[in-house]
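Please keep the sequence and the model in view while reading the points below.

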Amino acid sequence: MSAFKPDHLRAEVHPSPNFGPRKDGKHPSILILHYTGMATGEAAESWLTNPESEVSAHYVVHEDGRVVQLVPESERAWHAGQSSWKGEVDINSSSIGIEIVNGGPLLDFPDFGDVQIDAVIDLCKGIVSRHKMRPENVLAHSDIAPARKIDPGEKFPWPVLYNSGVGHWVAPSPIRGGRFFSLGDQGQPVEALQGMLALYGYDVPIDGVFGRSTELGILAFQRHFRPEKVDGVADMSTIETLHRVLSALPALIA
């Protein structure tokens, strides 16, 4: 039997041993969305509760909308791995992680079902409210670990979440021709682009050189905000969308 009550009233509980205390007195301020990338939800739960895996998440959301809590929100689940956001590198101590059952590349990137996304929205709303999280702190795993992760992927319906009151999103600028930046480009415009990515939170150098780290940041940004074309090239659509995202940020609370 579970030793803790679910933080989400309709959640089942399947306790994972893979957690510990949040470090340095940190509290959850970031919500990270993942896909499981496994053949079934049962396989994902088994892995996330296996002590040998050394991974976990606070919640799993199944295709049928069932929500299962693995780790109490007060504890540090092991879901983010090596990652960074706005200079914070211990994302596990400052975040809550949700694993959404979806095979990802293993099953050729299936669509997320409406029932499942409705459950994700309901769960996210509760978490954001409980911990007073800012909309722009609802992130993809790929946002915080662009060199390692692509989940929850281009098919994840960020605008549906946004229209339901979860997360930060803007309509992307249409894809068209015009000036662009890609691997090997250098100069002040590249430095300005890097500065905008870093201002939002991405871990990119601000050195005026469009290297692999900058390309990975662009790929992550495109997956989240301009999924129609994810190629790592900073074309006019990507740059304009980045401007829109920053301009639409809620006013900072003093």
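1. Please note that the model is predicted.

2. The largest pocket holds about 380 Å³ of space. It is lined by 20 residues, and those closest to its centre are Tyr-35, Thr-36, Glu-99, His-141 and Lys-149. Strand S3 (30–35) and helix H1 (41–48) each give at least two residues to this lining. The largest share, 3 residues, is that of H1.

3. Thr-36 deserves a separate look. Thr-36 sits in the loop between S3 and H1, and it is among the residues closest to the centre of the largest pocket. Is Thr-36 buried or exposed? Its relative accessible area is 14%, and buried means under 20%, so Thr-36 is buried. The side chain of Thr-36 reaches the backbone nitrogen of Asn-102 at 3.2 Å. Leaving aside residues up to four places away in sequence, Thr-36 touches Ala-44, Glu-99, Ile-100, Val-101 and Asn-102. One of these, Glu-99, is also listed among the residues closest to the pocket centre.

4. The second largest pocket has a volume of about 210 Å³. Its lining includes Gln-82, Ser-83, Ser-84 and Val-89, as well as Ile-144, Ala-145, Pro-146, Ala-147 and Arg-148. Asp-203, Ser-213 and Leu-216 also line this pocket. By type, the lining divides into 6 nonpolar, 4 polar and 2 charged residues.

5. Which residues does Ile-98 touch, not counting residues up to four places away in sequence? They are Leu-31, Ile-32, Leu-33, His-34, Tyr-59, Val-61, Leu-123, Cys-124 and Ile-127.

6. Most residues other than glycine have a negative phi, and most peptide bonds are trans. Asp-151 and Pro-152 are joined by a cis peptide bond, with omega about 5°. Pro-152 is in the loop between helix H3 (141–144) and helix H4 (158–163).

7. Two residues other than glycine have a positive phi value to look at. Phi of Asp-24 is near 55°, and Asp-24 lies in the loop between strand S2 (19–20) and S3. Asp-24 counts as exposed because its relative accessibility is 72%, and the cut-off for exposed is over 50%. Phi of Phe-109 is also near 55°. Phe-109 is found in the loop between strand S7 (95–100) and H2, and at 30% relative accessibility Phe-109 counts as partly exposed.

Note on methods: Residues are numbered from 1 along each chain as its sequence is written. This is a predicted model: local features need pLDDT of at least 70, side-chain atom pairs count only at pLDDT 80 or more; totals for chains, interfaces and linings use all residues. Side-chain values use heavy atoms; hydrogens and water are left out. On a 1 Å grid over the protein atoms alone, a cavity is a set of points where a 1.4 Å probe fits but cannot get out, and a pocket is an open set with protein on both sides within 12 Å along at least five of seven lines; lining residues have an atom within 4 Å of a point. Grid points are joined across faces, edges and corners, and a volume is the space filled by probe spheres set on the points. Helices (H or I, at least four residues) and strands (E, at least two) are DSSP runs, numbered from the N terminus. Ala, Val, Leu, Ile, Met, Phe, Trp, Tyr, Cys and Pro count as nonpolar, Asp, Glu, Lys and Arg as charged, and the others, Gly among them, as polar. Contact means heavy atoms within 4.5 Å. Buried means under 20% relative accessible area, exposed over 50%, partly exposed in between (1.4 Å probe, protein chains only). A polar contact is a pair of N or O atoms within 3.5 Å; within protein, one must be able to donate a hydrogen and the other to accept it, and residues adjacent in sequence count only if both atoms are side-chain atoms.
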